[in-house]
Amino acid sequence: MAHTPRWNATDIPDQTGRTAVVTGANSGLGLATVDALARAGAHVVLAVRDPRRGEAAADTVRGARGSVEVRRLDLADLASVRAFAAGWQGPLDLLINNAGVMNIPESRTQDGFEMQFGTNHLGHFALTNLLLPHVTDRVVTVSSGAHRLPGNHIHFDNLNLTGSYRPVTAYSQSKLANLLFTLELQRRLAAAGSPVRALAAHPGWAATNLQGADASVLRRVVMRVGNRVVAQDNRAGALPTLYAATQDLPGASYLGPDGLGEMRGAPTMVGRTAAASDAGTAGRLWQASEELTGVAFPSLDGREVTAEAARP
């Protein structure tokens, strides 16, 4: 595996004049990403479910050259996703699909989707396609090493895992979906002649509050110990995302830490499983996602194309 130099947030190029949206920016990796981009000069929008928590998080970004603002976005509610996108005006240089839930008890989104698949994948799928006519540079989606779970695949016959729900299975499926989404998005952008790039990243093991909602008490205990012994902090965990967001990299690149097991370290290009590289599966997932959300790849001239209208 080829390694990059020991890159960190101080190496981010000047972002003055650029605008970024970061989902799930209240805390953890999202807030670290916001902070780094704002300090490099960007205007960063914290897209968050709870604006009060978002404002509290924004208040921690002090002394930055850039600026921050908070807008409401609930990825578990497609009406909220549509409202956020409809309220966007002007160019958007960078969309970072960071928000996520992990290994939670079984629940449903506002639209009836399994919560992890609905939030981590479908919400970001709809948001990206609705905002894409505004995007000028790139889309970065945060995946996870959990996509490597043995036997992990997209359950096309039961995407909501109804009757067979397991928290880890659902999370792993959603993180595999993130990589397949990136693959197909990049293919579509290239076919449309768009200069916009789609990339993915994973943080390794980063100590955030994401693990605190795990459905298993045992896993919560293991995660708590691992956060103290193995994990890197949220700023280090955000580096692969920041590298993907600001460096000149090919579309569909996947970034992660360069250390043992990709758990920690400086950002570098990393591999993915065969399941995450399957173009046929990526296309099938895209079609299913269009049908579920009613949102399709846009014309890129500013008009939304519905999934039904996009079908031949």
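Which backbone oxygen does the side chain of Gln116 reach? The side chain of Gln116 reaches the backbone oxygen of Pro167 at 3.1 Å, a polar contact being a pair of N or O atoms within 3.5 Å, of which, within protein, one must be able to donate a hydrogen and the other to accept it, while residues adjacent in sequence count only if both atoms are side-chain atoms. The structure is a predicted model, in which local features need pLDDT of at least 70 and side-chain atom pairs count only at pLDDT 80 or more, whereas totals for chains, interfaces and linings use all residues. Residues are numbered from 1 along each chain as its sequence is written, and side-chain values use heavy atoms, with hydrogens and water left out.

Gln116 belongs to helix α4 (residues 115-131), where helices (H or I, at least four residues) and strands (E, at least two) are DSSP runs numbered from the N terminus. Gln116 is buried, at a relative accessible area of 0%; buried means under 20% relative accessible area, exposed over 50% and partly exposed in between, with a 1.4 Å probe and protein chains only. A polar atom of the Gln116 side chain also lies 2.8 Å from the backbone nitrogen of Asn103. Beyond residues up to four places away in sequence, Gln116 touches, among others, Val101, Ile104, His121, Tyr165 and Ser174, contact meaning heavy atoms within 4.5 Å.

The strands form an open sheet of eight, in the order β3-β2-β1-β4-β5-β6-β7-β8 and with mixed pairing, two strands being paired if DSSP finds at least two bridges between them. Its edge strands are β3 (67-72) and β8 (267-269), each of which pairs on one side only, and the twist from one strand to the next averages 25°. Strand β1 runs parallel to strand β4 (residues 92-97), to which three bridges join it, and Val22 stands opposite Ile96 in β4. Helix α2 (residues 51-58) lies across β2 (43-48) and β3 and runs at about 170° to β3, while helix α3 (residues 78-86) lies across β1, β2 and β3 at about 140° to β3; the axes are lines fitted to C-alpha atoms, for helices over the stretch in contact, and angles run from 0 to 180 degrees between N-to-C directions.

Asp137, in strand β5 (residues 135-142), is buried with a relative accessible area of 12%. The side chain of Asp137 makes a polar contact of 2.8 Å with that of Arg18, a residue found in the segment before β1 (19-23). A polar contact of 2.8 Å likewise joins the side chains of Arg18 and Gln15. Although Arg18 and Asp93 are 75 residues apart in sequence, their C-alpha atoms are 5.9 Å apart in space. Asp93 is also among the residues in contact with Asp137, as are Leu92 and Pro195.

Thr241, placed in helix α8 (residues 239-246), counts as buried at 5% relative accessibility. With neighbours within four places in sequence left aside, Thr241 is in contact with Thr33, Ile96, Val140, Val142 and Ala201.

Among the aromatic residues, six pairs are found, rings of Phe, Tyr and Trp (its six-membered ring) being paired if their centres lie within 6.5 Å, with planes under 30 degrees apart counted as stacked, over 60 as edge-to-face and the rest as tilted. One aromatic cluster is formed by Phe125, Phe181, Trp286 and Phe297.
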